[in-house]
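Please read the points alongside the sequence and the model.

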Amino acid sequence: MKKLISMLLALVLVLGCAAFAEAGEQADGKLTIWCWDKTFNIAAMEKAKEMYQADHPDVEIDIEEVLSEDIESRVIASNGDTSTLPDILLVQDHSIQKFVTNYPEVYHDITDEFDFSDFMPAKLGLSVVDGRNYGVPFDSGTVVAAWRTDYLEQAGYTVADLTDIDWDRFLEIGRDVKEKTGMPMLSGQAGAVDTVLIMLQSCGGSMFNEDGTANLAGNEKLKAVIDTYNTMVAEGIFIEVNSWDEYIGTLSNGSVVGTINGCWILSTIMSLADQAGKWDITNMPAMVGVDGATNYSNNGGSTWAVVNNKDIDLALDFLQMYRNVDFYDAILPATSAIATFTPAKDAPNYTAASDFFNGTPIFATIVEFGDSVPAEVTSPFYYDARGNVGTAVTNALNGGDLDSELQTAQDTTEFTMGF
Amino acid sequence: MSEGTFKKYGKRTLVYVFLILMSIISVFPLYWCFISSCNTTAEILGGKMLPGSHLIENLTNLFSQQDVLSAFKNSVINTVLVLVLSLAICSVAGYGFEIFHDKGKDIVMGIIMMSMMVPFVAILVPLFQMFTKMGFVNKYIGYILPSLSTPFLIMLFRNNARTFPKEVLEAARMDGLSEMGIFVRMFVPMMRPTFAAAATITFMNTWNAYLWPKVVLQTPASITMPMLVANLLSGYVVDYGVVMAGVTICTLPTVIVFFILQKSFTEAVAGAVK
């Protein structure tokens, strides 16, 4: 028994000592970058590193995979102390306002240190806080309408019939296609309001006023958008599903005619090898009777932020790669990451025809679409307002009065904002 | 068959049907997890409920995309450290709280119990600040230290120490056994089911921990299995076959530990002392 006790105590001692050993070395004195998605952001950064190190062989660059939510948790836990943060980190476009506002000591103001000309204006505006710029734009979330040409043909339509149209015409086509094929045109996650906010931005609308206050109750553009959206859902032209996985399932199973979403959805569509050649893209429908309505919008994307750390100059010099057309051309085949740097649209890979999408040069087309996207007024409280609009849309779909639902959303958002 | 026998067997049949149904509902997520790791994304999203032939392909992709061995090793080291040290600390604390008498012990126990009501997220930022200053970030010590003494385990050991026969305690003292000797030679063997239950709970909590590790373990070399699985879900395109292969590898140790300790675990939960 004594032996057993001695062994147990020795084990505890050894393990206790091991507890003080390093679990991993924290990068120091080199460029450290945090981003997520091995096949997209990380792959793009690896290429940028390779191209940069060709000219700067002495610079050590460490790219670490960290989830978007984990980056946010670590910034919160740092409480403004940047010693545990990297030199560059990736931020979701609609999160950057909130984090720069709450942790201004973390994010470096790069307004006067980076050339922002030739980036898409709608994308650029998302990382501007109080007139100062805090991010180098990366991938585009320009909205595309992707359609199954074989399904449209069955109903007697082509993608040209869905190009440059408004939502009234879309509803007519949707009803006809549903009658002839039994298929809904679109699908989306219930309560997520991606489609509603895509439609809202397409006509220059926003959930916020220029002065930062919430703009939900009495927002005529938002009401018109929700009315159109709810009509589609009520008539079965748009089917709501319970989760993101189910939404992807509707595309992979071929149970919808198409989708309207940020261009990053094309990576998912292109992974469906059995559907090659059956898809094509065009622009989205425009709102009817609404000032500033266009056929273009944005959804998603991310931006590189420079942290107030020791290597700011080196980080900014490295991020010049994101003004390099050759870099965007090089990352396109492997990642499908579409540039928000507009000169990239003339690069060889961008102008090449895509066999998957009926021969359309999809990448150059998307960059062109991106130039026409109306700029959006955003806020640090974007995700709070978005959640409240989601509740309003769901309640209105279930028979609630839209005006009072939007008033509730306004009140809840203002409460969160501390008004 | 008499009416009484019919009633008896009818009732038993209903109970078995109900239990089988509940068992299926309980086991189904595990079954779905395992069979999905053998299928492609298209098959999973298509609702396929039978095993496929893509297990090797999914595992190959998983191991090529992520450093699974390193994450698994980190999870094992973190979990074993927390398991051994927390059982050693909390069992002594629980035993002490029950066996020794002091006016202030109930007040101290009350304070410990009250700390259970403070959510971990509330102390996350100050704890991280403190650990940063102490140089514990990215070290095993940083990960395990907040988990070593938990109010729940102290309470579990204290409650079960109440069933430790006082006659045994007094007899051992009369025979001249030291207090540490009583704990090690009398208490520990008799409380084996309690230790098994505490080990099972600690193993599951530590193995599946996510919030604290993702904040304090910041380098790729120090990530754990749950963090690795979360990384698989981060992209615009998610390979669900690979994700489920990762989930399966992450789940297996918990299942194995539970199967090994399930008998003792049940005894401890039921309050049995041999």
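What percentage of the 419 residues of chain A count as buried?

1. Burial in chain A. The share that counts as buried is 47% of the 419 residues of chain A. A residue is called buried if 20 or more other C-beta atoms lie within 10 Å of its own, exposed if 12 or fewer, and partly exposed in between, with C-beta atoms placed from the backbone.

2. Basis of the model. This is a predicted model, in which local features need pLDDT of at least 70 and side-chain atom pairs count only at pLDDT 80 or more, while totals for chains, interfaces and linings use all residues. Residues are numbered from 1 along each chain as its sequence is written, and chains are lettered from A and ligands numbered from 1 in the order in which they are written.

3. Confidence. For the complex, the predictor reports an ipTM of 0.76 and a pTM of 0.81. The average pLDDT of chain B is 89, and 97% of its residues score at least 70; pLDDT is the predictor's confidence in each residue, from 0 to 100.

4. Overall form of chain A. Chain A contains 17 helices and twelve strands; helices (H or I, at least four residues) and strands (E, at least two) are DSSP runs, numbered from the N terminus. Along the principal axes, the C-alpha atoms of chain A fill a box of roughly 80 × 55 × 50 Å.

5. Domains of chain A. Domain 1 of chain A comprises 31-141 + 300-364, and domain 2 comprises 143-297 + 381-417; these bounds come from an automatic or database domain assignment. Their C-alpha centres lie 28 Å apart. Domain 1 of chain A gives 15 residues to the contact and domain 2 of chain A gives 14 residues, where two residues are in contact if their C-beta atoms, placed from the backbone, lie within 7 Å. On the domain 1 side there are four nonpolar, nine polar and two charged residues. Here Ala, Val, Leu, Ile, Met, Phe, Trp, Tyr, Cys and Pro count as nonpolar, Asp, Glu, Lys and Arg as charged, and the others, Gly among them, as polar.

6. Interface between the chains. In the complex, 42 residues of chain A are in contact with 38 residues of chain B. Helix H1 (2-19) of chain A supplies the largest share of the chain A side, seven residues. The chain A side has 17 nonpolar, 15 polar and ten charged residues.

7. Helix H10 of chain A. Tyr247(A), Ile248(A), Gly249(A) and Leu251(A) are buried in H10(A). Their cover includes strands S8 (186-189), S9 (238-241) and S10 (258-262) and helix H11 of chain A, together with helix H2 (41-45) of chain B. Just after H10(A), Gly254(A) has a positive phi of about 70°.

8. Overall form of chain B. Chain B has 14 helices and zero strands. Its radius of gyration is 24 Å, well over the 19 Å that the globule rule gives for 274 residues, so chain B is more spread out than a compact globule. The C-alpha trace of chain B spans about 80 × 70 × 30 Å along its principal axes. Of the 274 residues of chain B, 33% count as buried.

Methods: Rg over C-alpha atoms; globule rule 2.2 N^0.38 Å.
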